[in-house]
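Student: Here is a model I would like to go through with you. Can we take the helices and then the chains?

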Amino acid sequence: MPGFLKEYYKRNGTMMGSVMLGLVLFWTVGLIILPQLSMLDFSFRPNLPPPEIGGPKDIYTLENYKYLIFGPEGGGQDYNAVDLAVFYRTLVAAIFVTLFNLLLCYPIAYYLGQNKGNHIRIFALMLIIPYWINEILRAFALRIIFGETGVLNTLLVGTGIFDTPFDFIRNDIALYAGLGYAYILLMIFPIYNVIESLDHNQIEAARDLGAPWWRIHWRVVIPYAKPGISSGCTMVFMLSAGALAAPQILGGPSSLWFTQLIYQQFNDNSDWPQGAAYAIVLLVTCILLVLAVMRLFKVNMGDIGK
Amino acid sequence: MSAGVGVDLENLWIRFGDFVAVRDANVNIKGGDFFSFLGPSGCGKTTILRAVSGFLEPSEGNVLIGGNNMKGIGPNKRPTALIFQNLALFPLMKVWENITFSMEIAGASARDRRKRADELLDMIALSGQGDKLPSELSGGQRQRVAIARALCAEPDVLLLDEPLSALDLKLRQHMRTELREIQKRVGITFIYITHDQGEALTMSDDIAVMRAGVIDQIGDGKAIYNDPATAFAASFVGENNVFRGKVSKLSGNEALISTNRSGDLLARISTANHGKLKVGDDAMMFIRPEALSLATSGSTGDNFVTAKVTHEEFEGNTFNIFTEGDGGKEIKVSIPNLGQSFDDHTGQPITLEYEASNAVVVPAGELANE
């Protein structure tokens with residue numbers, strides 16, 4: 001037995017140690033790694049009717065991945081322009097949602113983190129309460145606000161700011177608002193957590209040494225909050241890119257989210273291998289993107305857990 | 001060389017809601033002085049420092065730096081630099097970046113900053129340590145980096161908020177000397193906040209003793225120690241024995257105090273209270289432990305005290321005798337150890353003697369640590 005395991009068992013006892021270790025292993029291996037491996041396996045197989053599974057046609061193939069890039073064989077086009085465009089737009093939109101959320105949430109997190117008192121607790125509670133309402137209801141509520149005859153348009157046309165109702169849904173504004181709103185807490189709390197531990201004297205020291213407020217943030221607060229910012233951004237980006245309900249309900253008729261394509265493959269086309277390939281591509285691309293950005297900003301994996 | 005920039009507090013009041021943190025403070029700090037505010041925690045000394053640095057606007061009155069009224073001028077625009085109690089070094093910046101942060105804000109080039117950092121690192125005896133992080137330095141080294149960072153901003157006034165309190169005793173004593181030397185070298189005004197009377201006495205040109213938002217006395221260390229203005233100043237600065245009583249006779253600047261236990265005792269009235277005490281007033285008389293000595297038993301007079309010894313202790317450089325005193329507070333006598341033999345007096349009455357010029361009378365008032 002390796003040393004750290006021995007130490008672990010000594011501290012927790014054989015019984016309790018085994019139960020905890022078993023649960024953690026079940027969680028990571030049984031519920032995360034194995035299903036993903038099975039998806040990975042699916043993604044390299046052709047879509048066969050059940051009797052042929054395990055038969056001579058059941059061989060490993062790159063067909064499903066080729067399909068995403070080149071489209072159906074003999075489809076008469078060089079690339080699968082439609083799906084690739086959706087893929088690209090999903091990533092760009094997820095990045096945009098992430099940045100927008102960061103800009104919105106950093107000041108809130110800073111305010112919450114550096115102030116004390118009852119009103120802070122009330123403020124935090126007000127941020128949490130909307131999350132008691134389920135995702136679908138929240139998305140439809142936003143439809144009521146952003147719809148053609150919705151609250152916002154009635155207001156804008158009524159006050160004469162706009163002549164005709166603005167189509168917030170077709171222009172994806174409702175979608176961005178919905179995604180942004182859905183993940184606000186995931187951005188605020190990691191940043192708040194870090195900023196709360198920032199010694200206020202450091203801010204005063206920077207001010208005393210002549211720094212204007214934005215320099216204080218740039219040189220003192222943001223570098224300190226970096227682990228929180230990166231963990232918030234990672235979560236918001238991953239979840240926006242993988243969101244399904246919000247794009248389904250709030251997206252315009254012409255704008256598909258990549259997850260909707262995956263859903264169609266699994267559900268409408270019953271083509272699990274194709275869906276699995278799409279999902280794997282999305283997952284791997286997102287992970288690579290996050291790792292690249294972390295590298296760019298010199299964030300360690302260990303910092304994110306802070 | 002210029003004499004440095006002075007700081008004046010004029011009728012300064014600072015209130016937090018109903019609480020008065022600073023009550024009508026009037027202080028003139030001469031340029032180039034090392035000035036200390038000395039008082040127990042919560043006496044308002046840090047509040048005064050925050051008002052001088054600009055983090056706090058006074059409720060009434062003015063802060064003048066170099067004769068200029070600082071009203072409405074923020075901390076980043078004042079010619080002051082503050083050293084925080086916990087130093088507040090930037091943990092993610094290297095030592096040299098910490099030191100030259102003010103230059104970075106002013107837009108100096110990296111080369112100039114590096115050069116200045118090296119000069120300052122030489123001055124604080126940390127040459128070659130500029131590329132470390134603050135966390136890689138020891139407590140005393142971090143202390144010096146904080147001083148260098150403040151000095152790099154070339155302030156006219158350096159404000160220090162108990163910066164030595166986190167250090168251990170040896171280092172603290174060493175840093176006292178070092179701070180004083182740095183202050184003499186750069187020649188700017190230092191305003192130092194402390195609750196440690198040893199720090200205040202050893203480093204300061206002048207000291208303001210504060211109690212509950214009020215400045216009790218301003219003077220140099222000798223005046224504060226030898227000629228206290230109030231009972232609080234007398235009991236807060238250094239060890240002191242208190243005798244309570246009433247003024248029974250006045251002659252010039254000396255007073256005869258009739259005490260409950262020790263009869264009539266003669267003492268000089270402290271300078272600040274000349275002409276203020278009347279016969280019959282409640283008064284307090286203070287005699288330092290080192291100003292009392294053993295007398296032939298049975299001696300009587302207005303500079304003799306008789307008391308029963310409760311216990312004795314040998315401290316090395318002094319031999320201390322504790323006797324029963326007025327109102328539960330014991331009287332301490334320190335006899336310098338010059339190699340003589342010390343008799344055991346425990347449980348016996350002894351007679352103590354003092355010079356009237358070493359005993360000080362002030363009006364009765366609040367004592368420190370009561």
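## Helix packing and chain contact

Tutor: In chain A, helix 4 and helix 11 cross in the right-handed sense (right-handed means the near helix is turned clockwise from the far one by less than a right angle, left-handed anticlockwise). Helices here are DSSP runs of H or I, at least four residues, numbered from the N terminus. This is a predicted model, where local features need pLDDT of at least 70, side-chain atom pairs count only at pLDDT 80 or more, and totals for chains, interfaces and linings use all residues. Residues are numbered from 1 along each chain as its sequence is written, chains are lettered from A and ligands numbered from 1 in written order, and side-chain values use heavy atoms, without hydrogens and water.

Student: At what angle do helix 4 and helix 11 of chain A pack?

Tutor: Axes are lines fitted to C-alpha atoms over the stretch in contact, and angles run from 0 to 180 degrees between N-to-C directions. The axes of helix 4 (residues 81-114) and helix 11 (residues 213-241) of chain A lie 9 Å apart, and the angle is about 140°.

Student: Which word describes helix 4 of chain A relative to helix 11 of chain A?

Tutor: Under 35 degrees is roughly parallel, over 145 roughly antiparallel, 65 to 115 roughly perpendicular, and the rest oblique. The angle is about 140°. That makes helix 4 of chain A, against helix 11 of chain A, oblique.

Student: How much area is buried between chain B and chain A?

Tutor: Contact (heavy atoms within 4.5 Å) takes 17 residues from chain A and 23 from chain B. Buried area is the accessible area (1.4 Å probe) lost by two parts on being put together, summed over both. Carbon and sulfur atoms give 57% of a total of about 1900 Å².

Notes
Helix = DSSP H or I, 4+ residues; strand = E, 2+ residues; numbered from the N terminus.
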